[in-house]
Amino acid sequence: MVFYFYAMRKLIAYPLTVLYYICFGITLVVFHPIQWFAFNVLGYQAHKITVDWLQFFLMRCLNVLGTRFSFNNPYQIPTGVPLIIVANHQSMYDIPPLIWYFRKHHVKFISKKELGKGIPSVSYNLRHGGSVLIDRKDPRGSVKAIEGFAEHIRKNNWAAVIFPEGTRSRNGHPKAFKTKGLLTMFKHVPNALIVPVTINNSWKTLQYGKFPMGIGAHIKFKVHQPIELKVEKDVSTMIGTIEKDITTHISV
């Protein structure tokens, strides 16, 4: 009976995935020229608003698969200060909700350079929206790029999202945190407010792979107690605390 249920669920996923990809593709293509116009004619703020609404519609595309989103943030996170949002990473579908729910904080990302071309809307935003593209094969150059990125975050009071695992977990189980990127950000944004976030169930959207996609996932975001970096003395201990806060709330 259980096997029959999962077989039928996967079977239903095929047509829904086709419909999802149609909606997803149309959304990216439609928003690409809108982004271009906003950035080149109206300026940063208009471009930022366009990117925010792109994320909203990307989330609506996922609703086609029966995907739901919950965002639990009991804290009043101030604007006008730089944020470093530290989260576990389960799939590319972690990203639209983070941008949308934290939109008033101007969310930016550290991304691999390969994503900077070839993807309508997404690549354009990564190149022009304030994020940074790094070459993983060039560690020294990557550190320099992150340092420059950190300076922009500090000067503009933006929010930087860091996925310290370095790559996404394909089954929900967290990988050990890598600290180099975090330490670089902490050093160059010493007045940042650290915001730990636990993400659950995003991996289930890709549990079968990219085709068909998983259906009925309930992606949950839990924001933990923010930490003022400037009052912390032992950064290594703080990173350990952040990792524990995030990973102990992951349910697989």
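Guide: Leaving out neighbours within four places in sequence, Val195 is in contact (heavy atoms within 4.5 Å) with Ile77, Leu83, Ile84, Ile85, Val86, Phe102, Val223 and Pro226. Before going on, note that this is a predicted model, where local features need pLDDT of at least 70 and side-chain atom pairs count only at pLDDT 80 or more, while totals for chains, interfaces and linings use all residues. Residues are numbered from 1 along each chain as its sequence is written, and side-chain values use heavy atoms, with hydrogens and water left out.

Visitor: How should I read a nonpolar core, and which residues have the most contacts inside the largest one?

Guide: In soluble globular proteins, nonpolar side chains tend to be buried together. A nonpolar core here is a set of buried Ala, Val, Leu, Ile, Met, Phe, Trp, Tyr and Cys residues joined through side-chain atoms within 4.5 Å. Buried means under 20% relative accessible area, exposed over 50%, and partly exposed in between (1.4 Å probe, protein chains only). The largest core has 36 residues, and Tyr20, Ile85, Phe102, Val107, Val195 and Val197 have the most contacts inside it. Among the elements that each supply at least two residues of this core are helix H1 (2-42), strand S2 (83-87) and strand S6 (193-200); helices (H or I, at least four residues) and strands (E, at least two) are DSSP runs, numbered from the N terminus. A second, separate core of 24 residues includes Val86, Phe149, Trp158 and Ile239.

Visitor: What should I look for in the backbone?

Guide: Most residues other than glycine have a negative phi, and most peptide bonds are trans. In this model, the peptide bond from Phe211 to Pro212 is cis, with omega near -5°, and Pro212 sits in the loop between S6 and S7.

Visitor: Where is His106, and is it buried or exposed?

Guide: His106 lies in the loop between H3 and S3 and has a positive phi of about 60°, although it is not a glycine. His106 is buried, at 17% relative accessible area. Ser121, in the loop between S3 and helix H4 (122-128), also isn't a glycine and has a positive phi, near 70°. Ser121 is buried too, with a relative accessible area of 0%.

Visitor: And the chain overall: how many helices and strands are there?

Guide: There are 7 helices and 8 strands. Buried residues make up 44% of the 252 residues, and the C-alpha trace spans about 55 × 45 × 40 Å along its principal axes.
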